[in-house]
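Please have a look at it on the screen before I start.

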Amino acid sequence: MTTANSKPKTIIALGLEGSANKLGVGIVKHVYPAGIPTDTELQPEIIELANVRDTYNPPAGEGFLPRDVAAHHRATIIELLNQALADAKITHQELDCICYTKGPGMGAPLQAVALVARTLSQLWDLPLVGVNHCVGHIEMGRAITGADNPIVLYVSGGNTQVIAYSQQTYRIFGETLDIAIGNCLDRFARVLKLPNDPSPGYNIEQYAKRGSKYIELPYTVKGMDVSFSGILSFIEQLAKTKADQYTPEDLCYSLQETMFAMLVEITERAMAHIGSTEVLVVGGVGCNVRLQEMMGQMAIERNGKVFATDMRYCIDNGIMIAQAGALAFARGFTTPVHDSWITQRFRTDQVHVEWRT
């Protein structure tokens, strides 16, 4: 291993996340006791300094509009920023870079947070680092769980992907062909008029725990890809036209069981393809205990193991953006202000993962 400079090196990164209805500000400290290596994977000592979050919750039975989410982020972000700096017990002079979510996500919320990131960069004379939202989830999951080289199941309100790492790229083995699993859960929660607090998916999970009658639903796996729009249309009709035959608890139970089985199938196939014995579940839906149980049973049968994080890290947060951004910054990556635009479509496999070998 060689280092650009053998002196100890520390990077303190601020992360701003606001791609959907969660607004997060995080601060992470990376310590390289022998300097930053130039020819090996970066494995710094990671110290979490702050991780604060605020959520925009519309009334039960309603979704959230991008303009309303953006207004929430604009109204809340300075307060969260001050709280994060206070929690970290540092001032902005001690920061090395400002990391923000470049995409994917909802346009208006992304733009609101990117504007703040650009402003802080110029006020504080600090470099910007644009971060892919999914890569942030993966890197935070790897850091927290210690997973070595897992198959990654990324499941959230806007994304559903099965991912494996190869040659400095997180490569997508399979994904949804239409809507994300979290979006499917959210939309069905609106049909049942379940509360949005703490999240629609969490409330569906609680209903599902009380369900016992399995209702056969469309099961759509196409090769390594999945589709959730058909199952959503089918179960919406059951809830609206046959409410006297099926309880909300049984509907939620059946929806979870069916969709999670689809995810287990394509994840297991990816594990077999690359010979992996590890699964890392990231994203907001990754908090679901039943999904972790089903994935864990599959992994046990393959002599493998499942890694997952709790709600502090699986739900969108600022520190995951700081984590991925700090790694990229250590390799010399920055985003010039004139390139600090956002994009709603930013695929996981478009990122050059230079900090891994």
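Predicted model: local features only at pLDDT ≥ 70, side-chain atom pairs only at ≥ 80, totals over all residues.

Residues are numbered from 1 along each chain as its sequence is written, and side-chain values use heavy atoms, with hydrogens and water left out.

Let me begin with the interior. By a nonpolar core I mean a set of buried Ala, Val, Leu, Ile, Met, Phe, Trp, Tyr and Cys residues joined through side-chain atoms within 4.5 Å, where buried stands for under 20% relative accessible area, exposed for over 50%, and partly exposed for what lies in between, with a 1.4 Å probe and protein chains only. The largest such core has 44 residues, and Ile181, Phe188, Phe228, Leu255, Leu263 and Leu291 are those with the most contacts inside it. Among the elements that each supply at least two residues of this core are β6 (151-155), β7 (160-166), α4 (181-192), α7 (248-274) and α8 (289-301), and the largest share, 11 residues, comes from α7.

If we take Phe228 and ask what it touches, leaving aside residues up to four places away in sequence, the contacts, meaning heavy atoms within 4.5 Å, include Thr160, Asp178, Ile181, Cys184, Met259 and Leu263. There is also a second, separate core of 39 residues, which includes Ile36, Val282, Ala330 and Val351. As general background, nonpolar side chains in soluble globular proteins tend to be buried together.

Which side chain of opposite charge is nearest to Glu278? That is Lys305, 7.4 Å away, and Glu278 is buried yet has no salt bridge; in this count Lys and Arg are positive and Asp and Glu negative, with His and the chain ends not counted. What the side chain of Glu278 does reach is the backbone nitrogen of Asp148, at 3.0 Å. Not counting residues up to four places away in sequence, Glu278 touches Ala147, Asp148, Asn149, Pro150, Ile151, Met271, Lys305 and Phe307.

Next, the cysteines. A disulfide here is a pair of cysteine sulfur atoms within 2.5 Å, and a search of the whole structure finds 1. It joins Cys287 to Cys314, with S to S at 1.7 Å, and the link is right-handed, with 55° about the S-S bond. The pair links distant parts of the chain, since Cys287 lies in the loop between β11 and α8 and Cys314 in helix α9 (residues 311-314), 27 residues apart. Cys287 counts as buried at 17% relative accessibility, and Cys314 is likewise buried, at 1%.

Cys252 is in no disulfide either, the nearest cysteine sulfur, that of Cys184, being 11 Å away, and Cys252 counts as buried at 0% relative accessibility.

Finally, the salt bridges. Taking a side-chain nitrogen of Lys or Arg within 4 Å of a carboxyl oxygen of Asp or Glu as the rule, the count comes to 11. Arg142 and Glu139 meet in one at 2.7 Å, N to O, and both lie in helix α3 (residues 133-145), 3 residues apart, about one turn of the helix. Arg142 counts as buried at 14% relative accessibility, and Glu139 at 1%. These two are also linked with Glu41 and Arg356 in a network of salt bridges.

Arg302 and Glu268 meet at 3.7 Å, N to O, and this pair links distant parts of the chain, with Arg302 in the loop between α8 and β12 (305-308) and Glu268 in helix α7, 34 residues apart. Arg302 is partly exposed, with a relative accessible area of 30%, and Glu268 is partly exposed, also with 30%.

Notes:
Helix = DSSP H or I, 4+ residues; strand = E, 2+ residues; numbered from the N terminus. Polar contact = N/O pair within 3.5 Å; in protein donor to acceptor, adjacent residues only side chain to side chain.
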